[in-house]
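Me: I have a structure open and want to go through it with you. Can we take it piece by piece?

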Amino acid sequence: MTQPRTLFDKLWDAHIVAELAPGTALLHVDRHFIHDLQSSVFASLADRKLAVRSPELTVCVADHGVSSLPTRTGGELPAMSRHLIRMREGSRAGGIAFIDANDHEQGIIHVIGPELGLTLPGMLIACGDSHTSTHGAFGALALGIGTTEIVHVLATQTVCVRKPHSLRITLVGELQAGVESKDVILALVHRVGTAGATGHAIEYAGSAVRAMDMEARMTLCNLSIEMGANFGMIAPDETTFAFLKRTPNASRVEWWEQAIEEWHGLVTDDDAVFDREVTLDASTVQPQISWGTSPEQTMGLDDLLPQPELMASAQREAMSAALNYMGLAAGAPLAGTPVDHVFIGSCANGRLSDLRRAANVVRDRQIARGTAAWVVPGSQAVRRAAEAEGLDAVFRAAGFEWRAPGCSMCVGVNGDILQPGQRCVSTSNRNFVGRQGPGVRTHLAGARVAAATALLGHIPGTSELLKMEL
């Protein structure tokens, strides 16, 4: 009798090329994405006199280092321009497709992979970026890798991985008004902790997950790494297939119907056992915002900031340091805190549905005096679709800057940074010290909360947020 398997087990088993040691395997990579900051990998490959084994399975993308200025020609900073030049040369020499800064299909890798149909259920996807887990929303095994591993994948089309433990996170209940998937995942990161899922592959399941559209599911999987997880994934279903059917590459193939039939089998068997289980009632989640310098330092909009002296000794120092860096007072409300800048974009929340949510809050209103706000679409396709719906006009009329697609202020290596001491509410996925510039104070939130913050000039309470959506 066949032993019941989890979705993760099925994906893992399907990609084993060789068992290298107990618990460690050489896995085949079906899709390899490389971003512009990793241009050095081609020199490493040449130094070792290695050829690209399967160039048709790799796609290089300009996203991290490109400026979001509407007038950009590439990277505005000299170092970023050099990366782009090396990426163009290396991809051309290796016969690899390169999506350049102003190409029709350009955008953030974790946005354009799915929208182009390059991300498919059952794949093993590798990319030298922590948030590669985004692609797991399609029932794929999506792995963030390092520079040495990128060279290995280019040369062999395989990657060596130690098999992680399995963790199922079940989300039940209906989301409240004003709550989005970003709020749910931030609440989960707070509950599980930034190291709570280290050495695990997460499968998100439950009625609340099934009720989400694909863009919401991608946001959920995107922040899996912020719990320390190796992978984050969701079993594909009719919602997945309907999304893929609309993509330019996935459905224009002769094997589409056969693929759909096989993809229906990418589910966890009824009696399969996980190493760990976590359940969250999503109906209890309030709109969330981070207060500190780690995604786990997150709270509801109406909560009070923590008091380190009331916490266990192991937490006191980190909490005190975070409050000090963020310029916040222990035990005080966060709602009402003045904000200098709002950033709406990134691979977490730069998709069309995110921009629609933000525009619904912004429409016929003005941003607060003294507050700056940017919208950076996640891809050229998102930008075109948003402009076709008139969303860019909504944001511009309110005083937002409408900028060109890319990672922009999420990573801050491209010139899109703020000044020391400035406070930013951001729809990105990391709020580390200096992430958006030296001394910049970053608060993570969803698109609705970010949009409301721009209009108010301060972090909203829940009642303020809901009034702005009426």
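Reply: Let's start with what covers the buried residues of α1: the cover includes β1 (16-21), β2 (24-28), β7 (141-144), β8 (158-162), β10 (200-205) and β11 (231-233). Keep in mind that this is a predicted model.

Me: Which residues of α1 are the buried ones?

Reply: Leu7, Phe8, Asp9, Lys10, Leu11 and Trp12. That is six of the eight residues of α1 (residues 7-14), so the helix is largely enclosed by the rest of the structure.

Me: Next, β4. Which residues lie on each side of the strand?

Reply: Thr58 and Cys60 are on one side, Val59 and Val61 on the other. All four are buried, so both faces of β4 (residues 58-61) are covered.

Me: How do β3 and β4 pair, parallel or antiparallel?

Reply: Parallel, over four bridges, with β3 spanning residues 31-35. Phe33 has Val59 of β4 as its bridge partner.

Me: Switching to the open sheet. What is the strand order?

Reply: β17-β16-β15-β18-β19, five strands with parallel pairing. The edges are β17 (401-402) and β19 (441-444), each pairing on one side only.

Me: Over how many bridges do β15 and β18 pair?

Reply: Three, in the parallel sense, between residues 341-344 of β15 and residues 423-426 of β18. Val342 stands opposite Val425 in β18.

Me: Which strands does α11 touch?

Reply: β18 and β19. Helix α11 (residues 313-326) packs on the sheet, and its direction makes about 110 degrees with that of β19.

Me: Now α9 and α10. What are the angle and the axis distance?

Reply: About 155 degrees, with the axes 11 Å apart. The helices cover residues 238-245 and residues 256-263. The angle is over 145 degrees, so α9 counts as roughly antiparallel to α10.

Me: Is the crossing left-handed or right-handed?

Reply: The crossing of α9 and α10 is right-handed.

Me: And which residues make the contact?

Reply: Phe241, Leu244 and Lys245 from α9, with Trp256, Glu257, Ile260 and Trp263 from α10. By class, the contact has five nonpolar, two charged and no polar residues.

Me: Moving on to Ala272. Where does it lie?

Reply: In the loop between α10 and β12 (276-281). Ala272 is buried, because its relative accessible area of 9% is under the 20% cut-off. Leaving aside neighbours within four places in sequence, Ala272 is in contact with Pro4, Arg5 and Thr6.

Me: How far is Ala272 from His32?

Reply: 30 Å in space, C-alpha to C-alpha, and 240 residues in sequence.

Me: What about Thr170, buried or exposed?

Reply: Buried, with a relative accessible area of 17%. Thr170 sits in strand β9 (residues 165-172). Neighbours within four places in sequence aside, its contacts are Ala205, Gly206, Glu277, Val278, Thr279 and Leu280.

Me: Backbone next. What is phi at Gln157?

Reply: Near 60 degrees, a positive value in a residue other than glycine. Most residues other than glycine have a negative phi. Gln157 is in the loop between α5 (147-156) and β8, and is buried at a relative accessible area of 2%.

Note on methods:
Residues are numbered from 1 along each chain as its sequence is written. This is a predicted model: local features need pLDDT of at least 70, side-chain atom pairs count only at pLDDT 80 or more; totals for chains, interfaces and linings use all residues. Side-chain values use heavy atoms; hydrogens and water are left out. Two strands pair if DSSP finds at least two bridges between them. Helices (H or I, at least four residues) and strands (E, at least two) are DSSP runs, numbered from the N terminus. Contact means heavy atoms within 4.5 Å. Axes are lines fitted to C-alpha atoms, for helices over the stretch in contact, and angles run from 0 to 180 degrees between N-to-C directions. Angles under 35 degrees count as roughly parallel, over 145 as roughly antiparallel, 65 to 115 as roughly perpendicular and the rest as oblique. A crossing is left-handed if the near helix is turned anticlockwise from the far one by less than a right angle, and right-handed if clockwise. Ala, Val, Leu, Ile, Met, Phe, Trp, Tyr, Cys and Pro count as nonpolar, Asp, Glu, Lys and Arg as charged, and the others, Gly among them, as polar. Buried means under 20% relative accessible area, exposed over 50%, partly exposed in between (1.4 Å probe, protein chains only).
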